[in-house]
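Here is a short briefing for a reader new to this structure. Look through the sequence and the model first, then read on.

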Amino acid sequence: MTTTLAFPVLLRLIEERSSAFRAVVASAPSLDVQVPTCPEWTLFDLAEHIGDGRRAWAATVAAGPAPAKSAAEGAPAAPREREALTAWLAESTRQLLDALREAGPDRGCWTWWGASQSPRTCGAVARHQLQQLAVHTYDAQITVGAPEPLPADVAVDGVEEFLYTCVATPSAWPHKPTAFDFHAAEGHSWRLTVDGDGARSTRIPAPGTTSAGADEGPDAVGVSVRGTASELVLFVYDRIPVDSLRIEGDAGLFDLLRAWEPEE
């Protein structure tokens, strides 16, 4: 797995994002306010999702390679009282981090992603968990009117993690072969190529560097998107609209990509 973040750093950042999420819960005027970016949830529902999900992943990591995701047996329900809820959230994070530390980055683990570019290891789980917490912390922050960009190190890794985990597939792209370029203002770039062999991503030189922009052949770039790494992550997770970034090429290709449902 190619990553910009070492396993201990991933664990530290998981705790940092979890703490930021709890801070929103602790200070929110109400836990019943609707989350704009997850309109089917209130802030309490989002907190419940965070806590239950981290406990389930803790159990899954502890179980090692398995045919299905594990359940957090006997886990208490999310309490409605605010102070108890923040303590419950902290315990959820502690369970996840303890399980990850005990397992280490290289041990196999059940994951929902199969033939992607991310391995089915605890290290890959930690990497994805960080992104889940980072994006949902943004959800919580925007709910109380105080959205903050994702930390740069989290976001730079998050663009690649999304492309490698959530997009990569061997299923054939049903349209004309093309490529999507993602350029982060922090100096990192990636190319997602889609064709009859599926979807796969790779790091490419940033614009303006030697050998950047080689786009001849079947993977000719159909569209490129530029923004901060935080903006790119929030865009791929549907938190901000496409017009929040700089687009070059056929922006309609993003609609095709979002509508694509590869075979399992």
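Asp181 counts as buried, at 5% relative accessibility. Buried means under 20% relative accessible area, exposed means over 50%, and partly exposed lies in between (1.4 Å probe, protein chains only). This is a predicted model: local features need pLDDT of at least 70, side-chain atom pairs count only at pLDDT 80 or more, and totals for chains, interfaces and linings use all residues. Residues are numbered from 1 along each chain as its sequence is written, and side-chain values use heavy atoms, with hydrogens and water left out.

**Asp181 and its surroundings**

- Asp181 lies in strand β3, which covers residues 178–184. Helices (H or I, at least four residues) and strands (E, at least two) are DSSP runs, numbered from the N terminus.
- Leaving aside neighbours within four places in sequence, Asp181 is in contact with Trp190, Arg191, Ile204, Val221, Val223, Ser224 and Val225. Contact means heavy atoms within 4.5 Å.
- Asp181 and Ser27 are 154 residues apart along the chain. Their C-alpha atoms are separated by 39 Å.

**Overall fold**

- The protein has 7 helices and 7 strands.
- Along the sequence, the pattern reads α-β-β-α-α-α-α-β-β-β-β-α-β-α.
- The radius of gyration is 19 Å, close to the 18 Å that the globule rule gives for 264 residues, so the protein is as compact as a globular protein of that length. The radius is taken over C-alpha atoms, and the globule rule is 2.2 Å times the number of residues to the power 0.38.
- The C-alpha trace spans about 60 × 40 × 30 Å along its principal axes.
- Take the contacts with a separation of 6 or more: residues 24 or more positions apart account for 67% of them.

**Core**

- The largest nonpolar core has 75 residues. Such a core is a set of buried Ala, Val, Leu, Ile, Met, Phe, Trp, Tyr and Cys residues joined through side-chain atoms within 4.5 Å.
- Helix α4, residues 122–143, gives the most to this core, with 10 residues.
- Ile14, Leu85, Leu100, Leu163, Phe180, Phe182 and Leu192 have the most contacts inside the core.
- Leu163 touches Ala168, Phe182, Trp190, Leu192 and Ser201, not counting residues up to four places away in sequence.
- In soluble globular proteins, nonpolar side chains tend to be buried together.

**Surface and charge**

- Buried residues make up 49% of the 264 residues.
- The protein exposes about 11,700 Å², and carbon and sulfur atoms supply 53% of that area. Accessible areas come from the Shrake-Rupley method with a 1.4 Å probe; for residues, only the protein chains shown count as cover.
- There are 21 positive and 36 negative side chains. Lys and Arg count as positive and Asp and Glu as negative, while His and the chain ends are not counted.
- The centres of the two charge sets lie 4 Å apart. The place of a charge is taken as NZ of Lys, CZ of Arg, CG of Asp or CD of Glu.

- Gln129 is found in helix α4. Gln129 is buried, with a relative accessible area of 1%.
- Beyond four places in sequence, Gln129 is in contact with Ile14, Arg54, Trp57 and Leu96. Thr4 is 125 residues away from Gln129 along the chain, and their C-alpha atoms are separated by 15 Å.
- Phe235 lies in helix α6. Phe235 counts as buried, at 3% relative accessibility.
- Leaving aside neighbours within four places in sequence, Phe235 is in contact with Ile240, Pro241, Val242, Leu245, Phe254 and Arg258.
- Arg203 lies in strand β5, residues 198–204. Arg203 counts as partly exposed, at 39% relative accessibility.
- Arg203 and Leu192 are 11 residues apart in sequence and 9.0 Å apart in space, C-alpha to C-alpha.
- Asp238 lies in the loop between α6 (229–236) and β7 (246–249). Asp238 is exposed, with a relative accessible area of 52%.
- Phi of Asp238 is near 65°, a positive value in a residue other than glycine. Most residues other than glycine have a negative phi.
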